[in-house]
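Hello,

I am passing on a structure for you to look at. Please open it first; my notes follow below.

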Amino acid sequence: MIEVRDLRREFTVSTKVGRFRREKRVVRAVDAVGFDVAAGEAVGYVGPNGAGKSTTIKVLTGILVPTSGHVRVCGVEPSRSRRELARRIGVVFGQRSQLWWDLPLRDSFELLRAIYRVPKGDYDGRLRECVDLLDLGPFLDTPVRQLSLGQRMRGEVTASLLHGPELLVLDEPTIGLDLESKERLREFLADLNAQRGTTLLLTTHDLDDIERLCPRLVVIDRGTVLADGALEELRAEVAPERVLVVDLEQPSAELAGLPGVTSSRVELNGVRHHLTFRRAETTAAALISAVAARAEVHDLVVVEPEIDDVVRRLYARR
Ligand SMILES: Nc1ncnc2c1ncn2[C@@H]1O[C@H](COP(=O)(O)OP(=O)(O)OP(=O)(O)O)[C@@H](O)[C@H]1O
């Protein structure tokens, strides 16, 4: 669905030097980026501010021409075939609107139907589904400028799906939304991917979006790919430790000498024990058995490193 090889995109910026002179400087926003996305995948494209995420998305959607490299989306070269691509992909920019500000939401959808020449039956079906799942009914006749951010984003996502795209590219889709709106949108996108098989590529600073939606993560920093893989694999690679938290029936001193445990901490007067262990050296099941052989266990939970921590460690590794 997406093929990117050795992608570079540079910008020439002019900066003031002294009082009268300006100097031209080349900024390489994206440098030798490569990744593939297969049909049906849901991939998170993450990185710190200025990493090159939006530039990549703009190249993939044909808005920017690459300086060099090979890019194919749905089999076409985006910057040369913008129109064809527009009919096959949907794009949502969290900070930019594709809706007509002064028109009711419904009229914006009708205009998009005309632009993309979507057959009436297909359009009606898709719109009905989005209205139901995203609960758009109460504000379909409200001018876009009067919508809340959460309502508008639901409208933006609907607008991007009316022509039935194979791929949906989202740049910061949940930015600025409250928790409930974020969750509603994530659920909708997860269903779209699972039920419809629509491929998703999204950039986000909210790693909960990734946890909820994207089994795979491409991490970019300073224009280059730092890591690409399943979230679980990256977790195991950069965060090799997990924590078993056990509550004992009776308080106990520190449980020393448990195999695979690298450090431990005791809380609640000896009732709660936090046991940090390396996944390469022991399993949670073996450790639980070892604890149970020493004391009566009341409750337990295994804590994985947070995704934020995984991504932070990937940046730090650089
Ligand atoms: N039109 C432009 N002209 C000059 N420099 C640009 C332009 N667009 C992006 N850049 C520069 O390219 C780099 C990458 O920017 P980009 O917007 O792709 O990053 P990003 O990962 O999307 O960041 P953020 O998370 O802050 O949106 C930055 O150094 C940015 O200043």
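Predicted model: local features only at pLDDT ≥ 70, side-chain atom pairs only at ≥ 80, totals over all residues.

**What was found**

**Between the domains**

Where they touch, 12 residues of domain 1 are in contact with 9 residues of domain 2. On the domain 1 side, at least two residues each come from helix H7 (207–213), strand E8 (216–221), strand E9 (224–230) and helix H8 (231–238). That side of domain 1 has 9 nonpolar and 3 charged residues, and no polar ones.

**Around the ligand**

The residues surrounding the ligand are Phe 11, Val 13, Val 27, Ala 29, Gly 47, Asn 49, Gly 50, Ala 51, Gly 52, Lys 53, Ser 54 and Thr 55. Strand E1 (2–17), strand E2 (21–37) and helix H1 (53–60) are the elements that give two or more residues to this shell. H1 gives the most, with 3 residues. By class, the shell has 5 nonpolar, 6 polar and 1 charged residues.

**A helix pair**

Helix H3 (residues 105–116) packs against helix H5 (residues 149–161) at an angle of about 20 degrees, and their axes are 10 Å apart. Angles under 35 degrees count as roughly parallel, so H3 and H5 are roughly parallel to each other. Their crossing is right-handed. H3 makes the contact through Leu 105, Ser 108, Phe 109 and Leu 112, and H5 through Gly 155, Thr 158 and Ala 159. This contact of H3 with H5 has 4 nonpolar and 3 polar residues, and no charged ones.

Regards

How values were computed
Residues numbered from 1 in each chain as written. Near = placed C-beta within 6 Å. Helix = DSSP H or I, 4+ residues; strand = E, 2+ residues; numbered from the N terminus. Nonpolar A, V, L, I, M, F, W, Y, C, P; charged D, E, K, R; others polar. Contact = placed C-beta atoms within 7 Å. Axes fitted to C-alpha atoms, helices over the stretch in contact; angles between N-to-C directions. Parallel < 35°, antiparallel > 145°, perpendicular 65-115°, else oblique. Left-handed = near helix turned anticlockwise from the far one by under 90°.
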